[in-house]
Amino acid sequence: MAVLGCGFCGYQIRYHGEPEGTEPVEHIFTTINNWRGLEKSTLTADWLENEHEEFFTYALRCKRCGTFTFLNYLLDNIGAYTPVENFSAAPMQEPFDFGPFWDDFQWFDITETDITAAEVFTKFPGNRWLAKNETEMRLYGDAARTKCIAQFVRFRRPAKVTVATMTLDAFKKILREYNDEIDFSYKKTCYEVIKEQIDGGKIKIIVNEDFDLHILKYSATVDAGADFTDDLCNAKIFPDGKSIAEAQAEIEL
Ligand SMILES: [Zn+2]
């Protein structure tokens with residue numbers, strides 16, 4: 001499968017058709033009604049997707065921000081949902097699609113067996129359940145929807161992903177939590193934010209301009225766990241004297 005840009009944070013989601021790495025990227029979803037139909041079939045699990053591809057939806061998880069991008073069996077983008085921190089206690093608005101949700105590793109294990117759909121939940125009880133409608137999505141640990149484990153909000157894909165489209169708070173969250181280089185561009189110049197673990201439980205934050213020249217624009221050393229994002233986002237790192245906070249709409253990810 002090709003490379004898809006996360007509509008929320010711009011990160012490139014790569015998926016090659018086989019489970020890889022330590023975290024699953026692809027997830028597979030079908031509604032419970034479709035699944036009940038499959039349970040009547042004598043097809044073994046490895047054939048379900050081939051013979052009934054229209055019943056399955058794929059959800060690719062962004063490793064950086066946790067957004068799920070849904071694709072139908074024709075691989076059309078049919079919507080994306082990004083995680084929310086504060087769970088809503090209100091019940092979900094009907095109507096919503098509901099059904100089992102497997103990650104790629106689980107689905108790979110299931111489809112390596114010769115069991116039928118009717119045997120899947122007994123032999124592989126560790127699956128999760130998903131509900132989604134036009135505005136939100138929730139993940140559950142049980143089919144009765146009593147154990148909500150994650151909530152997401154649907155968002156409209158912007159033409160360009162910038163700090164402003166994802167919000168400055170969401171950008172700060174990525175800076176805080178994502179432990180890899182974060183690249184962005186401002187007025188056609190690229191920048192990289194690098195977090196380095198150094199001795200004494202400290203972290204060094206560096207912002208370089210230009211991937212080749214590595215012109216140092218910002219550097220700070222903080223205790224591990226300390227929030228460095230306000231200082232970084234308010235520092236006047238750009239040639240025109242602006243900070244990330246001041247230039248949000250022009251910072252593309
Ligand atoms: Zn993302």
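**Group meeting: strands, domains and one leucine**

What we have here is a predicted model, in which local features need pLDDT of at least 70 and side-chain atom pairs count only at pLDDT 80 or more, while totals for chains, interfaces and linings use all residues. Residues are numbered from 1 along each chain as its sequence is written.

That pair belongs to the antiparallel pairing of E9 with strand E10, residues 148-155, which are joined by five bridges; I call two strands paired if DSSP finds at least two bridges between them. On E9, residues 136-140, there is also an antiparallel pairing with strand E8, residues 128-132, over four bridges, and here alanine 131 stands opposite arginine 138.

Stepping back, the protein has seven helices and 15 strands, where helices (H or I, at least four residues) and strands (E, at least two) are DSSP runs numbered from the N terminus. The domain assignment gives domain 1 as 3-155 and domain 2 as 163-252, such bounds coming from an automatic or database domain assignment. Taken over C-alpha atoms, the centres of domain 1 and domain 2 are separated by 33 Å, and the C-alpha trace of the protein spans about 65 × 35 × 35 Å along its principal axes.

Now to an open sheet of five strands, which follow the order E14-E13-E12-E11-E15 with antiparallel pairing. Which strands stand at the edges? They are E14 (215-223) and E15 (251-252), each of which has a single partner strand, so one side of each is left without a neighbour in the sheet. Within this sheet, strand E11, residues 182-186, is joined to strand E12, residues 189-198, by five bridges, and serine 185 stands opposite cysteine 190.

Finally, leucine 168, which lies in helix H6, residues 168-177. Leaving aside residues up to four places away in sequence, leucine 168 touches Val163, Cys233, Ala245 and Gln248, a contact being two residues whose C-beta atoms, placed from the backbone, lie within 7 Å. By contrast, 41 Å separate the C-alpha atoms of leucine 168 and phenylalanine 124, which are 44 residues apart along the chain.
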